[in-house]
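I am opening a notebook on one protein chain, and I want to write down what I look up, entry by entry. Each entry keeps to what can be read from the coordinates.

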Amino acid sequence: ELLHSTLTDKYRSYHVCGGMPEAVSRFIEEGDSNAVDYIINSINTAYTADFSKHINTTDIPKVRLIWTNLQDQLAKENKKFKFALVEKNARARDYEAAIEWLQLAGLVYKIYATETIRLPLNAYRDNTAFKLYMNDVGILRVLFRLDSSIVTDGDLLFREFKGILTENFVLTSLIRQFGYEPVYWKSGNQAEIEFVIVFKNRIIPIEAKSSESVRSKSLTEFRKKYQPEISLRYSMKNLKYEDGLINIPLYLADFTEQILKRMIEK
């Protein structure tokens, strides 16, 4: 439990700097969160400056609108991307190229919805329903205009933002390990699972919880309906396995692939 508590604190600190090397180095060397915020803001400024260097002139305003609107989309209870929040009367076809550019640049991840759980998952995705996540939680925190000191206020950071920073953190970890963008599952307006991946031909639902409160009607419904061999849940609770459900503490997210391999080999 001592180790668990220490690593949980380190996980919270990660949300101050994110994974950008310069921000991480400054935070480790000096512990100066103000300097970290300055660096991250500089990175964001560099991103927006690059838009004008590498994009057709007509597409620059659209890319900037998408980029600066991402935090507003993710702050909603229903994080499904809505073009109307970008610009009044906006149409999907007008912004598809802008979103694709941000994807190819590695700045955003596009996660499609699915209501059908069958292999291959991508064959059953809903191409009209998706969420856009950031490539780094440090940048997302700064775009939310969250002062880095909020990390020291216990779980306030994670309660107030309904786990979006946690979801984004988990997603970036999954993509690094498995090399592709997962889908998310929805069952009408009744249930939703943050991510679903395929590993060793097994469909694995993944839920991301930002605290020790882990009750979930959605995961219960998914498991009852599809009976997956393995389910994953990330939370502030310690590592635990029970009845096919693996609870992984958030600070161990980058060990997910190793954990799954060991479970399957058993």
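**Entry 1: backbone at the loops**

I began with D243, which I found in the loop between β7 (240–242) and β8 (245–249); strands here are DSSP runs of E with at least two residues, helices are runs of H or I with at least four, and both are numbered from the N terminus. Before going on I noted that this is a predicted model, in which local features need pLDDT of at least 70 and side-chain atom pairs count only at pLDDT 80 or more, while totals for chains, interfaces and linings use all residues. I also noted that residues are numbered from 1 along each chain as its sequence is written, and that side-chain values use heavy atoms, with hydrogens and water left out.

The phi of D243 is near 50 degrees, a positive value in a residue other than glycine. D243 is exposed, with a relative accessible area of 63%, where exposed means over 50%, buried means under 20% and partly exposed lies in between, for a 1.4 Å probe and protein chains only. I then looked up K200, in the loop between β4 and β5 (202–208), and its phi is near 55 degrees, again positive in a residue that is not glycine. K200 is exposed too, at a relative accessible area of 53%.

P120 lies in the loop between β1 (108–114) and β2 (125–134). I wrote beside these notes that most residues other than glycine have a negative phi, and that most peptide bonds are trans.

**Entry 2: what R223 touches**

I came back to D243 from another side, since R223 touches P228, S231, D243, G244 and L245, not counting residues up to four places away in sequence; contact means heavy atoms within 4.5 Å. R223 is found in helix α9 (residues 217–226) and is partly exposed, with a relative accessible area of 25%.

**Entry 3: the nonpolar cores**

Which residues have the most contacts inside the largest nonpolar core? I found I66, W67, I139, L232, Y234 and L260, in a core of 70 residues. Such a core is a set of buried Ala, Val, Leu, Ile, Met, Phe, Trp, Tyr and Cys residues joined through side-chain atoms within 4.5 Å. Helix α8 (residues 164–178) gives the most to this core, with eight residues. Apart from it lies another core, of eleven residues, including I117, V183, I203 and F222. In soluble globular proteins, nonpolar side chains tend to be buried together.

**Entry 4: helix α8 and helix α10**

The axes of α8 and helix α10 (residues 256–265) come within 9 Å and cross at roughly 60 degrees; axes are lines fitted to C-alpha atoms, for helices over the stretch in contact, and angles run from 0 to 180 degrees between N-to-C directions. Where they meet, L174, Q177 and F178 in α8 face T256, E257 and L260 in α10 as contacts.

T172 also lies in helix α8, and T172 is buried, with a relative accessible area of 8%. T172 touches Y109, M134 and N135, not counting residues up to four places away in sequence.

**Entry 5: aromatic rings**

How many aromatic pairs does the structure hold? I noted 15, where rings of Phe, Tyr and Trp (its six-membered ring) pair if their centres lie within 6.5 Å, and planes under 30 degrees apart count as stacked, over 60 as edge-to-face and the rest as tilted. Y14 and F169 form an edge-to-face pair, 5.6 Å centre to centre, with 70 degrees between the planes. Y14 lies in helix α1 (residues 2–17) and F169 in helix α8, so this pair ties together parts that are 155 residues apart in sequence. Y14 is partly exposed at a relative accessible area of 26%, whereas F169 is buried at 9%.

F178 and F199 form an edge-to-face pair as well, 5.6 Å centre to centre, with 75 degrees between the planes. Ring pairs also link F81, F83, Y95, Y112 and F130 into a cluster.
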